[in-house]
Amino acid sequence: MWTRLPDRLRDPVVWADAAQLVKTALAAVIAWVVAVYVFDMSQAFLAPWAALLTVHATVFGTVRRGVQQVATSVLGVLIAFAAGGLFGIGAIAVGVVTFAGLLAGRLRGLSDQTTTAAATALVVLTAGYADDGGMLLSRLLDTAIGIGVGLLVNLVVWPPLRDRAAAHRIDVIDDRIGYLLRQIADELRRGAANVDDWVARTNELDDDVDAARDELGQAHESGRLNPRRAVPTRMRAAEAFGAILTRLEQAVAESRSMALTIGLGGIAPDAWPPGFRAAWLHLLGRTGDAVRDADVEAIKAVRADLDGYARALDVRELPDGRWPIVGALLVNLRNILEALDAVADAQPVRVPAATSRLQRQRRPVASTNPPR
């Protein structure tokens, strides 16, 4: 744990999440202080509750959630007062407000707040305010304070830009692909075909790609309504990330296909044609090292050697039934190299500082078309 601490402290994902936690707690505290000491509310429980639900990872998301929160909270308060007036505070009223609140959360435009109306109604009802019509405006004001503070805190206190967090998530995926390819080559050289383990690793890489796509979506959203002057510069720098992710996704799919071809072929690694086995494992290991090191020239050299080997290969020298497997493995490796060539050229995946002149170490990926 201690050896990884320096890397964790430099991880922009960690800092973005930590900042989000601090800002959410700050918004809840400020909302409670404003409700109690500025508006003199004796029971200001809805203010921090509303602030907690309003603060989002992006300014635009906070505004959107704030609007939804206003609608659902008002509905929840009104539902509680209506149920309390009709049924009093009891089991019937609890069931009514829960059902009505959940039903309100299914309205179009409020789907992100499916339980907020029901939860707010339950809090208001069970706290004993639903039978006091004079408290209606106080509870609505309480909620409005929390929402307003949440919006203000996220807008003023370091408005988030998630582009560096997205860049970091993307930056590590190709390293993990490289380690996997090197692992496959080394294990096959020892005669072991741990196909299930390799496939599981590719599934984990798929999860990494999905997480990076989610982070990238938040990065694009974080530029909307964001007052920071660096927004245009950093959003332009992040435009190439989608193309990089597409190529990484292709490389992961090809790696899984390669593992499954080895497993479904029904031929033990020791029984592979000796010439092909030695040459292909050598190329696979070199590919893993080049991808892990983001060495563009090494990737191009492996691709050239692979093409040369494929042209020189005499299929008539292969035992019966081996050519489909040999051909599939060659195509898988070629597609991995083609996909990750441009990815390596874009390494390291970074977002330049606002004060820089946008001089990245390497040009971003040039094509958005995945290899076929």
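Trainee: Is Asp-289 buried, partly exposed or exposed?

Mentor: In this predicted model, Asp-289 has a relative accessibility of 21%. Buried means under 20%, so Asp-289 counts as partly exposed.

Trainee: Which residue does the side chain of Asp-289 meet in a salt bridge?

Mentor: Start with the general idea. Side chains of opposite charge can pair when their charged atoms come close. Here the partner of Asp-289 is Arg-292, with 3.1 Å from N to O. Both residues belong to helix H12, which covers residues 274–292. They are three residues apart, about one turn of the helix. Arg-292 is partly exposed as well, at 24% relative accessibility.

Trainee: With which other residue does Arg-292 form a salt bridge?

Mentor: Arg-292 also pairs with Asp-293, where the closest N and O atoms are 3.7 Å apart. Asp-293 has a relative accessibility of 51% and counts as exposed. Salt bridges with shared partners join Asp-289, Arg-292 and Asp-293 to Arg-182, Asp-186 and Arg-189 in one network.

Trainee: How many salt bridges does the structure hold?

Mentor: The structure holds eleven. One of them is formed by Arg-176 and Asp-208, whose closest N and O atoms are 3.0 Å apart. This pair links distant parts of the chain, its two residues being 32 residues apart. Arg-176 sits in helix H8 (residues 163–189), and Asp-208 in helix H9 (residues 195–222).

Trainee: How accessible are Arg-176 and Asp-208?

Mentor: Both are partly exposed: Arg-176 at 40% relative accessibility, and Asp-208 with a relative accessible area of 22%.

Trainee: Is Val-252 buried or exposed?

Mentor: Val-252 is buried, its relative accessible area being 1%. The residue lies in helix H11, which spans residues 241–264.

Trainee: Which residues does Val-252 touch?

Mentor: For this reading, residues up to four places away in sequence are not counted. Val-252 then touches Ile-177, Thr-202, Leu-205 and Asp-206. Thr-202 is 50 residues from Val-252 along the chain, yet their C-alpha atoms are separated by 6.0 Å.

Trainee: What share of contacts in the protein chain joins residues at least 24 apart?

Mentor: Among contacts between residues at least 6 apart in sequence, the share is 78%.

Trainee: How many helices and strands does the protein chain have?

Mentor: The protein chain has 14 helices and zero strands. Read from the N terminus on, its elements run α-α-α-α-α-α-α-α-α-α-α-α-α-α.

Trainee: What part of the protein chain counts as buried, and how much area does the chain expose?

Mentor: The protein chain has 372 residues, and 46% of them count as buried. The chain exposes about 18300 Å², with carbon and sulfur atoms supplying 58% of that area.

Terms used
Residues are numbered from 1 along each chain as its sequence is written. This is a predicted model: local features need pLDDT of at least 70, side-chain atom pairs count only at pLDDT 80 or more; totals for chains, interfaces and linings use all residues. Side-chain values use heavy atoms; hydrogens and water are left out. A salt bridge is a side-chain nitrogen of Lys or Arg within 4 Å of a carboxyl oxygen of Asp or Glu. Helices (H or I, at least four residues) and strands (E, at least two) are DSSP runs, numbered from the N terminus. Buried means under 20% relative accessible area, exposed over 50%, partly exposed in between (1.4 Å probe, protein chains only). Contact means heavy atoms within 4.5 Å. Accessible areas come from the Shrake-Rupley method with a 1.4 Å probe; for residues, only the protein chains shown count as cover.
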